[in-house]
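A plain report is enough.

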Amino acid sequence: QIYMIPTSEIVVQPGRIRRSLGNVVSLMESITSKGQLHPAIITHEKVLISGERRLQACKELGIDLLVRYREDLTEADMTEIEVMENAARLDFTWQESVHAVERLHELKIKQFGKSRGGKGGGKGWNTIKTGLLLGRSGESIRLDIQLSKMMRDVPELTELSKKSDEIGRA
């Protein structure tokens, strides 16, 4: 079962593996617009096992944290859960990532219309707004969209091991 718990009740013990919480602002924006998609894991004593970034984002937003309880865990079990949650995550390949950016951008244009103004203001959608949504610059979004289109025209580009191999040539 999943519960809502005030963030002030969650205990983060010292010695956790994660040292840097990274860009919590983009996670806060995601939680604000889509809700918390995955519960944090805690013990019945409300000790955090996994989900420290979600906890921090909810704290900063002033909202309760979605949690699931796990009991009868040893310290090794808790460390294993923290490690597996982070290590088992499979990021997009660079090819999948540029296609995903292009797809998201095109869907936002379909939803809001194409922006006619510059600088990211005004009605409609543009690469600056996609960049703000993803915590990136509008120029990096424009380059990803350009690269995604190039890969459709020149399929051999998908065989490159790194995105930077192609960016240097673009």
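Strand E2 (residues 40-42) is joined to E3 by 2 bridges, and the two run antiparallel. In this pair, isoleucine 42 stands opposite leucine 48 in E3. The model is predicted: local features need pLDDT of at least 70, side-chain atom pairs count only at pLDDT 80 or more, and totals for chains, interfaces and linings use all residues. Residues are numbered from 1 along each chain as its sequence is written, and side-chain values use heavy atoms, with hydrogens and water left out.

Some terms come first. Helices (H or I, at least four residues) and strands (E, at least two) are DSSP runs, numbered from the N terminus. Two strands pair if DSSP finds at least two bridges between them.

## The sheet

E2 and E3 belong to an open sheet of 4 strands, in the order E1-E4-E2-E3, with mixed pairing. Its edge strands, which pair on one side only, are E1 (2-5) and E3 (48-50). From one strand to the next, the twist averages 45°. Angles here run from 0 to 180 degrees between N-to-C directions, and axes are lines fitted to C-alpha atoms, for helices over the stretch in contact.

The other two pairings involve E4. E1 and E4 are antiparallel, with 4 bridges, and isoleucine 2 stands opposite arginine 68 in E4. E2 and E4 are parallel, with 3 bridges, and alanine 40 stands opposite valine 67 in E4.

Helix H2 (residues 52-61) lies across E2, E3 and strand E4 (65-69), and runs at about 120° to E3. Threonine 7 is in the loop between E1 and helix H1 (24-34). This threonine 7 is buried, at a relative accessible area of 12%. Buried means under 20% relative accessible area, exposed over 50%, and partly exposed in between (1.4 Å probe, protein chains only). Neighbours within four places in sequence aside, threonine 7 is in contact with Leu55, Cys58, Lys59, Ile63 and Leu65. Contact means heavy atoms within 4.5 Å.

How far apart are the end C-alpha atoms of helix H4 (residues 94-112)? They are 27 Å apart, which agrees with the 27 Å that its 19 residues should span at 1.5 Å a residue. The expected span is 1.5 Å times one less than the number of residues. The buried residues of H4 include Trp94, Val98, Val101, His105 and Ile109. An α-helix has 3.6 residues a turn, so residues three or four places apart point the same way. Just after H4, glycine 113 takes a positive phi of about 85°.

The axes of H4 and H6 come within 8 Å and cross at roughly 110°. That makes H4 roughly perpendicular to H6. Angles under 35 degrees count as roughly parallel, over 145 as roughly antiparallel, 65 to 115 as roughly perpendicular and the rest as oblique. On the H4 side, the residues that meet H6 are Trp94, Gln95, Val98, His99, Val101, Glu102 and His105. Their partners in H6 include Ile141, Ile145, Leu147 and Met151. By class, this contact of H4 with H6 has 7 nonpolar, 4 polar and 4 charged residues. Ala, Val, Leu, Ile, Met, Phe, Trp, Tyr, Cys and Pro count as nonpolar, Asp, Glu, Lys and Arg as charged, and the others, Gly among them, as polar.

Helix H5 (residues 127-134) packs on helix H6 (residues 138-153) at an angle of about 105°, with axes 7 Å apart. H5 and H6 are therefore roughly perpendicular to each other. The contact is made by Thr127, Ile128, Thr130, Gly131 and Leu134 of H5 with Gly138, Ile141, Arg142 and Ile145 of H6. By class, the contact of H5 with H6 has 4 nonpolar, 4 polar and 1 charged residues.

## Residues at the surface

| Residue | Relative accessible area | Class |
|---|---|---|
| Valine 83 | 36% | partly exposed |
| Glycine 62 | 65% | exposed |
| Glutamate 159 | 67% | exposed |

Valine 83 is in helix H3 (residues 75-87). Glycine 62 is in the loop between H2 and E4. Glutamate 159 is in the loop between H6 and helix H7 (163-167). Glutamate 159 and glycine 15 are 144 residues apart along the chain, and their C-alpha atoms are separated by 41 Å.
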